[in-house]
Amino acid sequence: RGMGGGGGNGFPVEFTIQGPDWNELGKMADKIMAELKEKKIMTDISSDLLTGAPEMHIVPNRQRAADRGVAIKDIGAVVNAALGGAIAGSYEKAGHRYDIRVKLEEDKRTPAERIKSLFVRNNRGELVSIESVVDIKQAVVASSISRKNRERAITIFGNVGVGLSQQESLNKAEVVAKSILTPNYSFHLSGSAEEFIKSFVGLLIALGLGFIVAYMIL
């Protein structure tokens, strides 16, 4: 599986893109993979980016809350009590004390729908709809985040494109990746390609030392 091997499937191509922001890195990885596939630089392309279940963000809108006389801490208390439950008291049994936790009854509504049905009391004693004082956003988050050299990293891998050598495929992939990556994001060889480069550099160093030792002996 040398760097200059013949074209066709079976020769692995692997590289890593790194950068500070995970969401931006994921978007760039998708663009790079799409272009590599479109230009037939690589085949069977995949990555180690694994997305998890949808995540809901409930963000208090400070301006709307202030307009309606609602305290931010009260919004948090209502949401926490509704979804996570609130301790309403305790009781003792057989020498142990047990908390009594009160929360909304589970039903077929989505979490977002349940949040929108809640109310919070303002500083005038009025009930205000939670929906009117928060912004609800849903996003898919990564189930795991990889790091390399203390930076967030996504590895893209596959086989060489038809008619290309492993080295040609890597060179073309690097050009594509660097054309999409913005400043502070970088391209790095990984897998067998990285090992080959390290082995090659090690060989050059060994040869250089060999020449120096032979010269000193002579």
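Two residues are in contact when heavy atoms of one and the other lie within 4.5 Å. This is a predicted model, in which local features need pLDDT of at least 70 and side-chain atom pairs count only at pLDDT 80 or more, while totals for chains, interfaces and linings use all residues. Residues are numbered from 1 along each chain as its sequence is written, and side-chain values use heavy atoms, with hydrogens and water left out.

Stop 1: Select Phe15. Not counting residues up to four places away in sequence, Phe15 touches Ile32, Leu36, Met42, Ile154, Thr155, Ile156, Ala173, Ala177, Phe187, His188, Leu189 and Ser190. A nonpolar core is a set of buried Ala, Val, Leu, Ile, Met, Phe, Trp, Tyr and Cys residues joined through side-chain atoms within 4.5 Å. Buried means under 20% relative accessible area, exposed over 50%, and partly exposed in between (1.4 Å probe, protein chains only). The largest core has 23 residues, and those touching the most other members are Phe15, Ile17, Ile32, Leu36, Met42 and Leu181. Next, colour strand 1 (12–19), helix 1, strand 10 (151–160) and helix 5 (166–180), the elements that give two or more residues to this core. Helix 1 supplies the largest share, seven residues. Helices (H or I, at least four residues) and strands (E, at least two) are DSSP runs, numbered from the N terminus.

**Stop 2: helix 3.** A second, separate core of 12 residues includes Ile75, Val79, Ala82 and Ile115. Select residues 72–83, which form helix 3. Ile75, Val79 and Ala82 are buried there. Look down the axis: the buried residues of helix 3 fall within an arc of 70 degrees, so they line one face of the helix. That arc is taken from the directions from the helix axis to the C-beta atoms. On the face turned away from the buried side are the exposed residues Lys73 and Asn80. After helix 3 comes Gly85, with a positive phi near 95 degrees.

**Stop 3: two positive phi values.** Most residues other than glycine have a negative phi. Go to Lys40, in the loop between helix 1 (22–38) and strand 2 (42–47). Phi of Lys40 is positive, near 60 degrees, and Lys40 is exposed at 63% relative accessible area. Asp44 lies in strand 2; its phi is also positive, near 50 degrees, and Asp44 is exposed at 57% relative accessibility.

Conventions:
The expected span of a helix is 1.5 Å times one less than its number of residues.
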